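This briefing is meant to be read alongside the sequence and the model.

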Amino acid sequence: ANFEKGINVFSQNGKWLRYIPIPQKENNLPLSIRCMQFIDKNHLLMKSLYGRVLILNTSNNKITDLTSLIPERITLVKNAFYASFLKENENSYLFSHNKFLLRFIKDNNKYTIQVVDSVQEGSMVSTLAYTQNKELVLGTDKDCIFYSKEKSIHVSLPGNPIVKHMNLHPD
């Protein structure tokens with residue numbers, strides 16, 4: 001990615017192949033892609049700082065804006081700096097926007113986005129990971145959460161950390 005500009009495509013050997021422009025503005029602010037995930041051979045899922053969700057077809061450089069699939073109350077939250085996609089299964093990816101946990105679903109050529117849950121007010125989800133047992137763990141700007149719809153376990157961390165990445169030990 002080229003910060004606020006577009007995507008540079010390279011071969012596996014590191015040779016530059018082409019440049020793919022992406023929209024330059026959203027709400028009169030520079031577009032800032034925060035995370036990307038290939039969902040199949042030719043489609044790149046992207047999420048911006050301001051809550052925009054896009055699909056780039058890399059075979060023809062066509063961009064589809066999926067932001068309207070997210071409830072407006074969520075996309076009104078701006079500056080969700082931290083974001084990541086986490087593959088749930090072949091057609092489903094979890095991602096976050098501020099305090100919200102969302103699910104992107106691809107069903108053939110139809111896309112949907114579901115609101116899964118949200119963390120406590122004043123927190124934001126910064127990263128996602130699975131334990132070896134496929135238990136979902138949310139990193140936030142305050143703690144780590146072993147997430148379950150029924151009962152989540154919050155693990156406090158010393159100091160004032162923002163969990164940006166998790167590498168979970170297999171034990």
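**Briefing on the predicted model**

T67 is buried, with a relative accessible area of 18% (buried means under 20% relative accessible area, exposed over 50% and partly exposed in between, with a 1.4 Å probe and protein chains only). The model is predicted: local features need pLDDT of at least 70 and side-chain atom pairs count only at pLDDT 80 or more, while totals for chains, interfaces and linings use all residues. Residues are numbered from 1 along each chain as its sequence is written, and side-chain values use heavy atoms, with hydrogens and water left out.

**The site of T67**

- T67 is placed in the loop between β8 (62-65) and α1 (72-75); helices (H or I, at least four residues) and strands (E, at least two) are DSSP runs, numbered from the N terminus.
- The side chain of T67 makes a polar contact with the side chain of D65 at 2.5 Å.
- A polar atom of the T67 side chain also lies 3.0 Å from the backbone nitrogen of V53.
- A polar contact is a pair of N or O atoms within 3.5 Å; within protein, one must be able to donate a hydrogen and the other to accept it, and residues adjacent in sequence count only if both atoms are side-chain atoms.
- Apart from neighbours within four places in sequence, T67 is in contact with G51, R52, V53 and T75, where contact means heavy atoms within 4.5 Å.

- In β6 (residues 43-48), 6 of 6 residues are buried.
- One side of β6 carries H43, L45 and K47 and the other L44, M46 and S48, and all are buried.
- In a regular strand, side chains alternate between the two faces of the sheet.
- β5 (residues 33-40) pairs with β6 in the antiparallel sense over 6 bridges, and a hairpin joins β5 to β6 through 2 residues; two strands pair if DSSP finds at least two bridges between them.
- β6 and β7 (residues 53-57) run antiparallel and are joined by 5 bridges.
- L45 of β6 stands opposite Q37, and its bridge partner in β7 is I55.
- The hairpin of β6 and β7 has 4 residues between the strands, and G51 in the turn has a positive phi of about 95°.

- Four strands form an open sheet in the order β13-β14-β15-β16, with antiparallel pairing.
- Its edge strands are β13 (125-130) and β16 (153-156), each of which pairs on one side only.
- F146 belongs to strand β15 (residues 143-147) and, at 25% relative accessibility, counts as partly exposed.
- β14 (residues 136-140) and β15 pair over 4 antiparallel bridges, and V137 has F146 as its bridge partner in β15.
- F146 and E135 are 11 residues apart in sequence and 7.0 Å apart in space, C-alpha to C-alpha.

**Salt bridges**

- The structure holds 5 salt bridges, each defined as a side-chain nitrogen of Lys or Arg within 4 Å of a carboxyl oxygen of Asp or Glu.
- R52 and D65 form one of them, with the closest N and O atoms 2.9 Å apart.
- R52 lies in the loop between β6 and β7 and D65 in strand β8, so this pair ties together parts that are 13 residues apart in sequence.
- R52 is buried at 16% relative accessible area, whereas D65 is partly exposed at 37%.
- R103 and E88 meet in a salt bridge at 2.6 Å, N to O.
- R103 lies in β11 (residues 100-107) and E88 in β9 (residues 85-89), so the pair ties together parts 15 residues apart in sequence.
- D141 forms a salt bridge with K142, the closest N and O atoms being 3.7 Å apart; D141 is buried at 17%, and K142 is partly exposed at 38%.
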